[in-house]
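Please look through the structure shown below before reading on. The report that follows goes from single residues to the chain as a whole.

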Amino acid sequence: MRDDGDSVDARLAARLAELRTERGWSLEELAERTGLSRSTLSRTERAETSPTASHLNRLCAVYGRTMSRLLSEVEAEPALLVRAAEQPVWEDRPAGFVRRSVSPPHAGLRGELVEGRLAAGADIAYDRPPVPGLEQHVWVLDGALEITARDVAHHLASGDCLRMRVWGPTRFRCAGPGDVRYALAVVLP
């Protein structure tokens, strides 16, 4: 995540450790539930490494949270108006993925708005939704995006919108030749 220094990464690490402790799980038990190695989880909770989008998705799934909800829990205080310069940005640089929380989750509201950017050639696979039955609306703003859900590939061009409920694995792929920018509306079931 990007913030003044790496304070958001440190807060995220602390929140992940807190969630595990609240459930009384050992690192070994969390590793079994997520399929991630114990050492990866340990390094993530100590803020020695920032989780990839895929790893963070697995953690969100076992904690029953959307990625945005988890990220909002480490922000200072949610605001009604979020200026562009204040919108939290999280990057998975090796994967070519940038995620801007345009309208972060808020207590009492089920929806949120995210801007996603994938570099040409980027391919992000999620093995499960963070919350089963999560409603998503993906609107391509610039470029082209391939989304695979329920073993069906959907090819979206600029202006296209895909609506879906997410129950299983999904894949977001930018075949290029340029980057893709899209809006993602997320609604909790």
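Cys161 counts as partly exposed, because its relative accessibility is 47%, where buried means under 20% relative accessible area, exposed means over 50%, and partly exposed lies in between (1.4 Å probe, protein chains only). Cys174, by contrast, has a relative accessibility of 1% and therefore counts as buried. The sulfur of Cys161 has its closest cysteine sulfur in Cys174, at 18 Å, which is too far for a bond. A disulfide is a covalent bond between the sulfur atoms of two cysteines. With a disulfide taken as a pair of cysteine sulfur atoms within 2.5 Å, the count comes to 0 disulfides.

This is a predicted model, in which local features need pLDDT of at least 70 and side-chain atom pairs count only at pLDDT 80 or more, while totals for chains, interfaces and linings use all residues. Residues are numbered from 1 along each chain as its sequence is written, and side-chain values use heavy atoms, with hydrogens and water left out.

## The chain as a whole

The protein chain has 5 helices and 10 strands, where helices (H or I, at least four residues) and strands (E, at least two) are DSSP runs numbered from the N terminus. Its radius of gyration is 16 Å, close to the 16 Å that the globule rule gives for 189 residues, so the chain is as compact as a globular protein of that length; the radius is taken over C-alpha atoms, and the rule is 2.2 Å times the number of residues to the power 0.38.

Along its principal axes, the C-alpha trace of the protein chain spans about 45 × 35 × 30 Å. Of the 189 residues in the protein chain, 45% are buried. Among the contacts in the protein chain with a separation of 6 or more, 65% come from residues 24 or more positions apart, a contact being heavy atoms within 4.5 Å.

## Helix H2 and its cover

In helix H2, which covers residues 27-34, Leu27, Leu30, Ala31 and Thr34 are buried. These residues lie on the same side of H2, because they cover an arc of only 105 degrees around the axis, the arc being that of the directions from the helix axis to the C-beta atoms. What covers the buried residues of H2 includes helix H1 (7-23), helix H3 (38-45) and helix H4 (53-63). H2 is followed by Gly35, which has a positive phi near 80 degrees.

## Strands and their partners

Strands of a sheet pair through backbone hydrogen bonds, either parallel or antiparallel. An open sheet is formed by 4 strands in the order E4-E9-E6-E7, with antiparallel pairing, where two strands pair if DSSP finds at least two bridges between them. Strand E4 (123-126) and strand E7 (152-156) stand at the edges with a single partner strand each, so one side of each is left without a neighbour in the sheet. Between E4 and strand E9 (residues 170-173), the antiparallel pairing extends over 4 bridges, and the bridge partner of Ile124 in E9 is Phe172.

Elsewhere, strand E2 (residues 97-103) pairs with strand E3 (residues 111-118) in the antiparallel sense over 6 bridges, and Phe97 stands opposite Leu118 in E3. E3 is also joined to strand E10 (residues 180-187) by 8 bridges, and these two run antiparallel; here Val114 has Leu184 in E10 as its bridge partner.

## Loops and backbone details

Most residues other than glycine have a negative phi, and most peptide bonds are trans. Ala47, in the loop between H3 and H4, has a positive phi of about 60 degrees although it is not a glycine, and its relative accessibility of 39% makes it partly exposed. Asp151 lies in the loop between E6 and E7 and has a positive phi near 60 degrees; at 81% relative accessibility, Asp151 counts as exposed. The peptide bond from Gly176 to Pro177 is cis, with omega near 10 degrees, and Pro177 is found in the loop between E9 and E10.

Gly143 lies in the loop between strand E5 (134-142) and strand E6 (145-149) and is partly exposed at 34% relative accessibility. Leaving aside residues up to four places away in sequence, Gly143 touches Leu156, Ala157, Ser158, Asp179 and Val180.
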